[in-house]
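Hi,

Here is the structure I promised to pass on.

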Amino acid sequence: MDVALFVTCLTDTFFPRVGEAVVRVLRHFGCRVHFPPAQTCCGQPAYNGGFHTEAAKLARRMIKVFEPFDAVVSPSASCATMIRQHYPTLLENDPDWRERAARLAARTHEFTTFLADRCQVDLAAHLRFAEPVTFHYPCHARETYGVERLQGWLTGSAGVDLRVPEHPDCCCGFGGVFAVDYPEISAAMLDDKLRLLAATGARLVVCNEGGCTLNIAGGARRRGLPLRCRHLAECLAESLGLMEPQP
Amino acid sequence: MSRSREFAARVRRALADERVTAAMRGTTWRKVTARAESLGALRDPERLRDLAAQIKQHTLERLPEYLTQFARQVQQAGGHVHPARDAAAARRLVCDLARQYGLKLAVKVKSMTTEEIGLNAALEAAGVEVFETDLGEFIIQLDHDRPSHIVSPIIHKDRRQVAAAMARELGCAYTEDPIALTRIARAYLRDVFRRCDLGISGTNFAVAETGTLCICTNEGNGRMSTTRPRVHVAIVGIEKIIPRLADLPVFLKLLSRSSTGQPLGSYTTLITGPKRPADRDGPQHLHVILLDNGRADILAGPFAEVLRCVRCGACLNACPVYRRIGGHAYDSVYPGPIGSLLTPLLDAAGDHYDLPFASSLCGACQTACPVRIDLPGLLLRMRAALHGGQPWSKRAAIRLWQWAMGSAATYQLGQRAMRAFLADDGAGWTTRGAGPLSRWLEARDLQRPPARSFRQIWEEYLSRE
């Protein structure tokens, strides 16, 4: 299957290893991966900030970049949801773009669900963890996969010592521009989240969202907590022997 | 409009109060768990939520019809109905009724609608003594405080604060024992109930088919306050209507479960008209005030969905922002996610700019809402509606950013510039910086982008492997 990778600006800039893991895992399961180099940002910061005109300009641009492909896969549920859910809303009154937005929305997938549902990969069967593991459920995955599903992938993996955090779907306080617009509130939410994660005793946090990882890993480092975040794509690539484990 | 210093100050004040924060955290999480467990015990809670949302939406779409039917039924049952366009009109109506009937002592059932219109102060100015009879509201009144939650008004107080207020205001011996405190309040209010002549309530649901008011309480004070006094005045927001009595169970099943995790509140009171000759108790006169106060305008606009709200408070309990900043930070009768929408809608003249923006859009509210209000979606819509009013610096920044994202070349230039701008602490992290970066760094470090971006890796080797 031919797949276009929508890597997202955060992953491209801060987490290239996640992008690499996505490519290697997709190839492992038989996909031919393309990377349209014209891609930039999906426009979510503008959209969430209430700047719909600016967001729509970027949406049209991204549609042009990705519409030649039959399937678009992104390591971020949040950015995939921007295309799947918000592009059609954003362009619903634009007769030239409405159809194109809907077509791209239908072809865009988040990485883990694409693997599980389109490629029929049993994620749990391939995952291995050498240490206790906990997870952060990203709020923006709500439309894509539920907390039970993520938990199921982890629980099912061989020999896993999964430490389910209390209130696993609690927000980490990132919220995009929210984190810098309301730093006091965001910091308080981050404190709550870190307390829940640290209480599990695990040091490895599965976190599939770049924004949440920036927030959680940065917050843990500031507080001297020994937590490190990994995308499920990285865990899969390591388990499958496609990438060297990273300390 | 812009970010308000007052909002920031209220937030800081709330966050600094560790006693309140700890109480709030414990209580809200307990309620979240209780809600999930009690709804989970139903055969098909999701279908029930769909149904509740559909009934409310249907009613809103035919509201004038149902309001007419409701008014007719109330009158047929011997009650009176008065429309009130705004808060001032509603206050005037209640004060006029008090004067007309010569009423001197009012007992109140917990009601957010009467908070919204500021009824207590108006009645007191008109010479009517007012007593809140819900235990939480009673303590708020004693302590000259304001409710911080639409269901649990004293969620921000711990038992020591309650004990201190009761000892100070009632002259009773200081005790922190909740049972003893409740007994003291009960004895005090019994005397008030004996003397009262006006009962004031809101309503949870107003049934158009029968003209019935449904009031849900846990303490029985709702029943006392609406049967004992000579006159009962109910202030009913026009969005409280449901079509039929048969629709009521759908909401009763969801309301307390969403709110406190109880299958049903302890007292569900259905009131149809005043006392009939054969009745043993009940008020001689029933007056229903149908309050608009901005609701009709909301109904006509793009935020009509918020009028489905049944005021269960589930979105407050679920909200990680509310959990930390508490109700008072919102400076509104309606705090939490629903308050962030209702407040600017009901008080268009006020400066509530921050409310729709002070949210991570995590969606916990939507997951909890029994009538499936798309709270994050509406918050986004509200932000867009306010976008012209955003600070010029933010608008300029977004436009510059959007321009930079307009081509891969400028995007990559931005990537490189950012990497150069982020100072390395020697271990690949940024811990110091200016501007928006400094706000990020208030609570967390920022990992520096690695030397090569994904697209560089792709070009260098990954594409060719």
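A definition to start with: two strands pair if DSSP finds at least two bridges between them. Helices (H or I, at least four residues) and strands (E, at least two) are themselves DSSP runs, numbered from the N terminus.

Two bits of bookkeeping. This is a predicted model, in which local features need pLDDT of at least 70 and side-chain atom pairs count only at pLDDT 80 or more, while totals for chains, interfaces and linings use all residues. Residues are numbered from 1 along each chain as its sequence is written, and chains are lettered from A and ligands numbered from 1 in the order in which they are written.

Strands in chain A

Strand E1 (residues 2–5) of chain A runs parallel to strand E2 (residues 32–34) of chain A, with three bridges between them. A:Asp2 sits opposite A:Arg32 in E2(A). E1(A) is also joined, again in parallel, to strand E3 (residues 72–74) of chain A by two bridges, and there A:Leu5 faces A:Val73.

Domains of chain A

Chain A splits into domain 1 (2–118) and domain 2 (123–239); such bounds come from an automatic or database domain assignment. Their C-alpha centres are 22 Å apart. Contact (C-beta atoms, placed from the backbone, within 7 Å) links 28 residues of domain 1 of chain A with 21 residues of domain 2 of chain A. On the domain 1 side, H2(A) gives the largest share, six residues. That side has 14 nonpolar, 11 polar and three charged residues. For the classes, Ala, Val, Leu, Ile, Met, Phe, Trp, Tyr, Cys and Pro count as nonpolar, Asp, Glu, Lys and Arg as charged, and the others, Gly among them, as polar.

A helix with a buried side

In helix H9 (residues 147–155) of chain A, the buried residues include A:Leu150, A:Trp153 and A:Leu154. Buried here is 20 or more other C-beta atoms within 10 Å of a residue's own, exposed is 12 or fewer, and partly exposed is in between, with C-beta atoms placed from the backbone. Why do they share a side of H9(A)? Because they cover an arc of only 95 degrees around the axis, taking the directions from the helix axis to the C-beta atoms. Their cover includes helix H8 (123–126), strand E5 (133–136) and strand E6 (204–207) of chain A.

Where the chains meet

Chain B puts 50 residues into the contact and chain A puts in 53. The side of chain B that touches chain A has 29 nonpolar, 11 polar and 10 charged residues.

Inside chain B

An open sheet of four strands with mixed pairing has the order E8-E5-E6-E9 (chain B). Its edges are strand E8 (241–242) and strand E9 (267–271) of chain B, each pairing on one side only. Strand E5 (residues 205–207) of chain B and strand E6 (residues 212–217) of chain B are antiparallel, with three bridges, and B:Ala206 has B:Leu213 as its bridge partner.

A:His167 has phi near 50 degrees, a positive value in a residue other than glycine. A:His167 lies in the loop between H9 and helix H10 (178–181) of chain A and counts as partly exposed, with 17 C-beta neighbours inside 10 Å. B:Asp331 likewise has a positive phi, near 50 degrees, and is found in the loop between H15 and helix H16 (336–346) of chain B.

Cheers

Conventions: Two residues are in contact if their C-beta atoms, placed from the backbone, lie within 7 Å.
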